[in-house]
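The report below is meant for a reader who is meeting this structure for the first time. Please look over the sequence and the model before reading on.

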2 protein chains.
Amino acid sequence: MKSTTTGDPALIRRINTGIALDAVLKGEPLSRAAISAGTGLNKATVSSLVQDLLDRGLLTETGQGASSGGRKPVMLEFRASAGCAIGIDVGATYLMGVRADLRGEVLAELRRPMEAAGGRSVMEQLIGFIEELLPKQPPQPYGVVGIGIGLPGIVDGAGSLLLAPHMDWEPTEVARRLEERFGVPVHADNEANFGAQGERIFGAAAGIRHLVYVSAGMGIGTGLVLDGQLYRGASGFSGELGHLSIQFDGPACRCGNRGCWERFASEQAALESAAAIGCGSLEELVQLAEQGHSEALRIWDEIGSYLGIGIATIINVFNPEAVLIGSRLSMAARWLEPAVQREVQARALPFHRRQARVRFAELGDGSAVRGAAWQAAEGFLARVKAGEA
Amino acid sequence: MKSTTTGDPALIRRINTGIALDAVLKGEPLSRAAISAGTGLNKATVSSLVQDLLDRGLLTETGQGASSGGRKPVMLEFRASAGCAIGIDVGATYLMGVRADLRGEVLAELRRPMEAAGGRSVMEQLIGFIEELLPKQPPQPYGVVGIGIGLPGIVDGAGSLLLAPHMDWEPTEVARRLEERFGVPVHADNEANFGAQGERIFGAAAGIRHLVYVSAGMGIGTGLVLDGQLYRGASGFSGELGHLSIQFDGPACRCGNRGCWERFASEQAALESAAAIGCGSLEELVQLAEQGHSEALRIWDEIGSYLGIGIATIINVFNPEAVLIGSRLSMAARWLEPAVQREVQARALPFHRRQARVRFAELGDGSAVRGAAWQAAEGFLARVKAGEA
DNA sequence: CTTGGTTTGTTTAGTAGACAAACGAAGTTA
DNA sequence: TAACTTCGTTTGTCTACTAAACAAACCAAG
């Protein structure tokens, strides 16, 4: 019944290995001397740690840097090509995936529509899709270090999909089954959680520690980054902010509650309004707005208002630094934004409003795949630092 | 520009000291051999660590335990009397305080109404109140190790009161000024945050890692414990769940938003309804309910419904293990509870509902003082483990 | 083109602290 | 009483960090 990891010399080594590696990741290219100065570790210690990391193929020497009056430093860089990570976004109607290096930079990309019902199961399609993304020649020495899978539904802490409201998918142990199939760690999580990570690392929320990512698609999903890390509730799956009620006596939702936010502010809500003017898709509604169609503009303004109303509540509750709106609805950012900002200005508490920026996602519909791939790579680095790889 | 604490033998020593101390705190009385077995630390290491802690007065040997077939073990206990901590709850109309030992157990208690306007300032009263709580003979060897102050308003990360809606108090650097005055660390925070801690450690939420504490008084304040620790938003002050909107087109609130929860479910809301039946205080309204007064029962049911509506949203958003209702309204727990549970059952998502328990606070109006004192003591222990004391 | 000062990175010696094993003291059971 | 357990300490070994010394590499000024 070990309570915590007990401290011994090996722990020191692991800690310092992590510190050195992080230093290079943040400030590359970097010399041994610079690492020592930046971290407080002794020069000798840094030399030893760097030698280990070179031997493990995680760093490379990339030649000499500029002298600052004495011997030229040997510059070190992280070897992002020592392995690769796979990131997948499973949408209700599409599959999207990337192969990325250990830094999360995209090496290959693939997307395709989901096959019509009656054909192969979603799981079979997913496995085939991943196989196509795998590298022909596995990178040395680590090969594929992990797979991240964003799913459109409720996912528990073990990476099992429990509920997928907008698609035909039974509860499935996605992570476990893929781990068995491919023999590498699999991180399965809600697509919005990965979207939040993607934007935080590569997109509009760089370096932000308190972030709410609103994935406005058919329904509304959310990814919460609190204090720099993904928040999962007590059960391991994240808050369902789509079912935040904004009107306690409003229309009943299939979840049992009344006046749920996603009934007012999702793609579905937009399509319902759009039907009245004979318009059947978001793309069409965007086009009408571009042509100045007044009713279309009114619909976007209305959806934007409701988005803003919910976001104001989110700001009051979480006091985040940023709220990012992503997924399908972000294609109409231009027409939604004024209404969103108007409601947030009017409704959020002054103290919190001053802090929070409300923006649209920068990576568009790519936030989730990028985040998923990054998570897989990051998991590998965490294992390295923990001495498991 | 040191990035992190670098790993060296002293760090290991601190880590292991913390592990040993925690083992005793959780399982006392405990022998050295039992600590070794329970933590995985070597017997020799434990002996050395325990000797240090004995020398520092943090542990005592309390005689021999029962043999299990060999030499009798020497039992060790945490010396909670090595210092003491002060906890204060500043209410809008009262002051309440305790002196506690290092485990947070109450040694002395004091409460008094706030002086009428025109007399001494709140700060002056507070300082005098603390002075009365200080021990005549400071406990050896650490004396007063810290002060925790729960405040009825928005408090930032530095312990400054920014806004106190229900009382006459300018923005004040409470923590800094008291630290200067008393020369010990001061933790100032929102009263609801300490209430959450109090219930988590000593009350109805023992050991729960995801907790929302709803302090239902004149307004509604909340304390959020996420993943075992207090959540403070980006600005350092906690979410204002009282201004969670439950009806986007509802009545305007002074905060600028519409349909704020605390307009429906606070003491103030209850009093507004009660005025119609000529009733002027919560206590009176409780009494009427006890006598079976039907209109009074209806009012409690209504307030309970609104409480439940907000709590259902909170459950959907945070997916906590427990929601605790504390402060003044908890005196009517008996009449509120059915309505609260009814709405939560009807509105919270099935997945989350199964997880979350909704209860009333166990420590009554004492949650916050207890939590404040515990926080001060805990801060001391954290400093011990960090090697600063 | 030499000389002096600087910077980089390695080598060497010393130290803190954990662990394993052996041991004496104190108990229990047969 | 003898044999076996358990507790806690002592002793020696090992790991990994630090400080200091050092060699190599480099710049710049005379």
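The surface near DNA strand D is made up of seven nonpolar, 13 polar and seven charged residues, where Ala, Val, Leu, Ile, Met, Phe, Trp, Tyr, Cys and Pro count as nonpolar, Asp, Glu, Lys and Arg as charged, and the others, Gly among them, as polar. This is a predicted model, in which local features need pLDDT of at least 70 and side-chain atom pairs count only at pLDDT 80 or more, while totals for chains, interfaces and linings use all residues. Residues are numbered from 1 along each chain as its sequence is written, chains are lettered from A and ligands numbered from 1 in the order in which they are written, and side-chain values use heavy atoms, with hydrogens and water left out.

**DNA strand D**

Among the 27 residues around DNA strand D, those that come nearest are A:Arg13, A:Thr45, B:Ser47, B:Arg71 and B:Val74; a residue counts as near a strand if one of its heavy atoms lies within 4 Å of it. Of the atoms of DNA strand D that come within 4 Å of the protein, 71% belong to sugar and phosphate. At least two residues of this surface are supplied by each of H1 and H3 of chain A and helix H2 (32–39) and H3 of chain B, where helices (H or I, at least four residues) and strands (E, at least two) are DSSP runs, numbered from the N terminus. H1(A) gives the most, with four residues.

**DNA strand C**

DNA strand C also has 27 residues around it, of which A:Ser47, A:Arg71, A:Val74, B:Arg13 and B:Arg71 come nearest. Sugar or phosphate holds 68% of the atoms of DNA strand C within 4 Å of the protein, and the rest belong to bases. By class, the surface near DNA strand C has seven nonpolar, 14 polar and six charged residues, and its largest share, four residues, comes from H1(B).

| Residue and part | DNA strand | Distance to a phosphate oxygen |
|---|---|---|
| A:Ala33, backbone | C | 2.9 Å |
| A:Val74, backbone | C | 2.7 Å |
| B:Thr45, side chain | C | 2.8 Å |
| A:Asn16, side chain | D | 3.0 Å |
| A:Gln64, side chain | D | 3.4 Å |
| B:Arg32, backbone | D | 3.2 Å |

**The sheet of chain A**

In chain A, three strands form an open sheet in the order S1-S3-S2, with antiparallel pairing; two strands pair if DSSP finds at least two bridges between them. Strand S1 (30–31) and strand S2 (59–64) of chain A stand at the edges with a single partner strand each, so one side of each has no neighbour in the sheet. S1(A) is joined by two bridges to strand S3 (residues 74–78) of chain A, and A:Ser31 stands opposite A:Met75 in S3(A).

**A helix pair in chain B**

The axes of helix H1 (residues 9–27) and helix H13 (residues 367–385) of chain B come within 8 Å and cross at roughly 140 degrees, the axes being lines fitted to C-alpha atoms, for helices over the stretch in contact, and the angles running from 0 to 180 degrees between N-to-C directions. That angle makes H1(B) oblique to H13(B), since angles under 35 degrees count as roughly parallel, over 145 as roughly antiparallel, 65 to 115 as roughly perpendicular and the rest as oblique.

Definitions and conventions:
Polar contact = N/O pair within 3.5 Å; in protein donor to acceptor, adjacent residues only side chain to side chain.
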